[in-house]
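Please keep the sequence and the 3D view open as you go.

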Amino acid sequence: MSEFLGNAQGALAALYETLQASALLPVFTDPAQLSPGQAVLVAVSVLFVGTVLRNLWGGQRTNKVKLRAEFTPAINHPLIFFLGKVYYHAPPPVKAIPCLTPFGMKLETYLRMADIPYEPMYDWSIGPKGKIPWIEYNGEAMGDSGLIIEFLNREKGVDLNQSLSDADKAVSRAFTKMGEENTYWGGARYRWIDNFDTVHEVLEVSWIVKILGLLRPVRSTIRENMWAHGIGRHSRDEIEGIVEKDIKAVSTFLGAKPYLMGDEPTEADAAAFGQLSEVCFAFPGSYMERLVTVDCPNLQAYVNRMKNRYWPDWDELTSKTVPIS
Amino acid sequence: MAAATSGKVYFHVTPPVKAIPCLTPFGMKLETYLRITGIPYEPIYGRSMGPKGKIPWIEYNGEAMGDSGLILEFLNREKGVDLNKSLSDADKAVSRAFTKMVEENTYWGLTQYRWIDNFDKLQELFEIPWIAMLFMRRIRSNTKQKLMAHGIGRHSKDDLEGIIEKDLKAISTFLGAKPYLMGDEPTEVDAAVFGQLSEIVWTAPDSYLHRIVTVDCPNLLAYCNRIKDRYWPDWDQLTGNTNTNQ
């Protein structure tokens with residue numbers, strides 16, 4: 001970097017000499033001498049340089065980056081809430097699946113596995129971290145399925161992982177993170193970018209929404225998010241390759257076991273089922289669906305096993321849907 | 001590249017600093033992989049971004065390639081290398097899961113610390129003049145957007161630190177008393193995990209991350225030193241020749 005500094009010094013020296021030679025130096029030393037034309041020129045130059053510097057400085061772009069403190073949940077408060085009751089906010093079921101977000105499928109599956117009673121508040125309200133699903137508990141709004149699960153474990157004295165060794169708990173966390181921080185984006189890309197035409201069908205939005213292109217901003221946001229995350233920089237083939245390896249890893253690790261970590265379901269199964277259920281039921285015709293159903297049939301069997309055990313009301317929930325208009 | 005030798009790996013990354021041979025965990029990962037496999041390479045120290053707008057990147061037979069993971073897969077095929085060959089299929093799957101956790105989750109904890117919480121120390125760490133900090137401020141605001149876009153930036157400081165702590169403790173628990181993550185010999189996941197942990201150990205000395213990796217989980221510090229001693233015998237030489245030491 002020393003040559004950088006040398007260049008900067010050289011540039012400043014050259015600038016000074018140019019100013020001296022062009023008789024512009026007095027502009028800076030004695031502004032009262034300026035003619036109106038010179039004054040305008042100086043003002044414009046200062047404005048220009050100031051703007052460039054301000055952009056370089058990278059000032060707080062508060063209109064682009066919402067800080068945490070600015071989030072206020074659009075709370076759909078029940079008029080009376082019961083203490084100790086979990087009010088679970090997620091988008092309403094559609095024909096394809098009880099919940100369109102894998103994190104909703106995960107959280108609700110966990111609630112069912114842990115036998116924690118909850119009241120579903122089906123709506124499109126956004127939680128305190130700007131995401132869904134979210135819960136209300138004792139009047140407080142909470143976001144992030146992972147943090148909610150940790151909270152409810154403590155609050156309700158639940159531990160789905162109690163039979164696991166410490167090393168297995170670590171493996172369990174690793175698979176959860178892989179599915180949620182990597183594989184998840186393959187699904188987002190498929191649903192919102194590559195297959196955008198069918199998203200209206202899956203979400204059951206009316207033709208008006210489709211014609212007016214009201215979901216296009218969501219698509220742009222997902223694209224931006226994927227770019228910022230990093231995975232969006234890959235080509236479509238590369239992303240599909242990455243997702244394929246993730247899914248095959250889960251299938252290999254599951255093997256012939258009924259659940260990921262053994263004979264009984266644990267927390268990792270809620271997370272894995274969350275992601276895989278979307279693939280099986282809400283991405284029809286996708287390469288991901290082919291991977292889970294054809295290439296790795298043990299995954300399809302696993303998804304059905306979880307569905308039959310924890311979602312006996314699946315058909316009832318998905319047949320009573322109300323299209324968004 | 002003028003007169004590039006065919007079959008040679010030209011490894012593009014930012015130059016070493018006093019703290020560490022490479023400031024990006026993915027650079028530490030890729031270079032450690034090259035050293036573990038014995039694939040000869042020529043480091044080209046610079047600040048140019050790769051074809052995907054990220055670093056590190058390589059040039060191979062005149063073609064530029066980005067993303068440490070994809071580069072590893074490519075070089076495995078091209079050079080007939082497989083660090084994971086002794087692993088069972090299930091262990092390979094576990095190995096991938098840990099790699100993804102540390103690169104897609106834990107990594108952001110380090111990013112939050114380095115670029116947001118501890119930004120004041122960045123100039124010293126990066127060994128750049130004050131004028132370059134103007135550009136760093138822009139990168140910082142960009143990084144905030146990335147953290148939000150990823151999702152993890154939406155958490156409060158305590159929530160985020162809790163998440164990262166659990167990741168690190170999971171790695172420590174899984175490593176246990178083993179010399180390397182998957183057993184007695186290093187495999188691909190060790191390059192990835194060492195990539196992230198080395199940054200914590202050597203470039204974030206006052207952080208909660210450092211405390212977790214050195215005090216709470218001493219097996220992680222021992223693991224980092226093990227890989228450093230074995231695959232980076234020239235560490236002091238590389239980090240001793242940086243700008244601030246000239």
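Predicted model: local features only at pLDDT ≥ 70, side-chain atom pairs only at ≥ 80, totals over all residues.

Helices (H or I, at least four residues) and strands (E, at least two) are DSSP runs, numbered from the N terminus. Residues are numbered from 1 along each chain as its sequence is written, chains are lettered from A and ligands numbered from 1 in the order in which they are written, and side-chain values use heavy atoms, with hydrogens and water left out.

**Backbone features**

- The peptide bond leading from A:Ile132 into A:Pro133 is cis, with omega near 5°.
- In chain B, a cis peptide bond joins B:Ile55 and B:Pro56, with omega about 0°; B:Pro56 lies in the loop between β2 (41-45) and β3 (57-60) of that chain.
- A:Asp115 is not a glycine, yet its phi is positive, near 60°. This residue lies in the loop between α4 (102-113) and β2 of chain A, and it counts as exposed at 67% relative accessibility (buried means under 20% relative accessible area, exposed over 50%, partly exposed in between, with a 1.4 Å probe and protein chains only).
- A:Asp144 also has a positive phi, about 80°, without being a glycine. You will find A:Asp144 in the loop between β4 (140-143) and α5 of chain A, where it counts as partly exposed at 28% relative accessibility.

**Aromatic rings and charges**

- Over all chains, the structure holds 18 aromatic pairs (rings of Phe, Tyr and Trp, the last by its six-membered ring, with centres within 6.5 Å; planes under 30 degrees apart count as stacked, over 60 as edge-to-face and the rest as tilted).
- A:Tyr137 and A:Phe151 have ring centres 5.4 Å apart and planes at 75°, so this pair is edge-to-face. The pair links distant parts of the chain, 14 residues apart: A:Tyr137 is in strand β3 (residues 134-137) and A:Phe151 in helix α5 (residues 145-156) of chain A. Both residues are buried.
- A:Trp311 and A:Trp314 form an edge-to-face pair, 6.1 Å centre to centre with 80° between the planes; both A:Trp311 and A:Trp314 are buried.
- A:Phe103, A:Tyr184 and A:Trp185 are linked by ring pairs into a cluster.
- The charged end of B:Arg35 sits over the ring of B:Trp232, 3.8 Å from its centre (NZ of Lys or CZ of Arg within 6 Å of the ring centre and within 35 degrees of the ring normal). Likewise, the charged end of B:Lys228 sits over the ring of B:Trp235, 5.1 Å from its centre.

**Where chains A and B meet**

- The contact (heavy atoms within 4.5 Å) takes 46 residues from chain A and 47 residues from chain B.
- Together the two chains bury about 4,500 Å², 63% of it on carbon and sulfur atoms; buried area is the accessible area (1.4 Å probe) that two parts lose on being put together, summed over both.
- Six salt bridges are counted between chain A and chain B (a side-chain nitrogen of Lys or Arg within 4 Å of a carboxyl oxygen of Asp or Glu). One of them joins A:Arg173 to B:Asp167, with the closest N and O atoms 2.7 Å apart.
- On the side of chain A that touches chain B, α6(A) gives the largest share, 12 residues.
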